[in-house]
Amino acid sequence: MTTFSATAKRRAALFLGAATLATSAGLGAAAPASAAASDCNGYQLCLFTDANYGGTLIRWNYLPAGGTLPSDHDSVSSIVNNSGSNICFYEHPGYGGLKFTVGPWQKWATVPDWINDKISSLTPC
Ligand SMILES: [Ca+2]
């Protein structure tokens, strides 16, 4: 289990709060028919519950500090990383289990089978 410093806890809270806010404002969740890679622009990090950028969209408008996904654990199947940083995704909350790294500006229409529907936390790395 990862031990967070007070600063890391605050950053994680901000990160999770922003994602929750986006969802409640209608920005983080989209109907399956409308989610698309083009929904992910600017400096956003976008996770999709279905392959080919479909299903529910979880989106951050800036590079997240890292943390456990606020929802949709074990369901991410495609990823758009519109940032200049590597993002490491983990099988378990708190950066445990399998680790999958997505490079800067990469788009994965389908994540590898071994991590599909398993991601629960992430952090820039
Ligand atoms: Ca899925």
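Mentor: Happy to! Of the 125 residues of the protein chain, 32% count as buried, where buried means that 20 or more other C-beta atoms lie within 10 Å of a residue's own, exposed means 12 or fewer, and partly exposed lies in between, with C-beta atoms placed from the backbone. This is a predicted model, in which local features need pLDDT of at least 70 and side-chain atom pairs count only at pLDDT 80 or more, while totals for chains, interfaces and linings use all residues. Residues are numbered from 1 along each chain as its sequence is written.

pLDDT is the predictor's confidence in each residue, from 0 to 100. The protein chain averages 78, and 73% of its residues score at least 70. Confidence is highest in strand 6, at a mean of 97, and lowest in helix 1 (residues 6-24), at 43. Over residues 1-33 the pLDDT is below 50, and this stretch has 40 contacts in the model beyond near neighbours in sequence; a contact means that the C-beta atoms of two residues, placed from the backbone, lie within 7 Å.

The protein chain holds one helix and eight strands. Helices (H or I, at least four residues) and strands (E, at least two) are DSSP runs, numbered from the N terminus.

Now to the core itself. A nonpolar core is a set of buried Ala, Val, Leu, Ile, Met, Phe, Trp, Tyr and Cys residues joined through C-beta atoms within 7 Å. The largest one has 23 residues, and those touching the most other members are Cys46, Leu47, Phe48, Val76, Ile79 and Phe89. Two or more residues each come from strand 1 (45-50), strand 2 (54-60), strand 4 (78-81), strand 5 (87-92) and strand 6 (96-102). Strand 1 gives the most, with four residues. In soluble globular proteins, nonpolar side chains tend to be buried together.

Leaving aside neighbours within four places in sequence, Val76 is in contact with Leu47, Phe48, Thr49, Val111 and Ile119.

Next, follow strand 1 into its partner. Strand 1 and strand 2 form a hairpin with three residues between them, and Asn52 in the turn has a positive phi of about 60°. Five bridges join the two strands, which run antiparallel; two strands pair if DSSP finds at least two bridges between them. Within this pairing, Leu45 has Trp60 of strand 2 as its bridge partner. Five of the seven residues of strand 2 are buried, so strand 2 is largely enclosed by the rest of the structure.

Five bridges join strand 5 to strand 6, and the bridge partner of His92 in strand 6 is Gly96.

For contrast, look at Tyr43, in the loop between helix 1 and strand 1. Tyr43 counts as exposed because it has 11 C-beta neighbours inside 10 Å. Not counting residues up to four places away in sequence, Tyr43 touches Tyr62, Leu63, Asn82 and Ser83.
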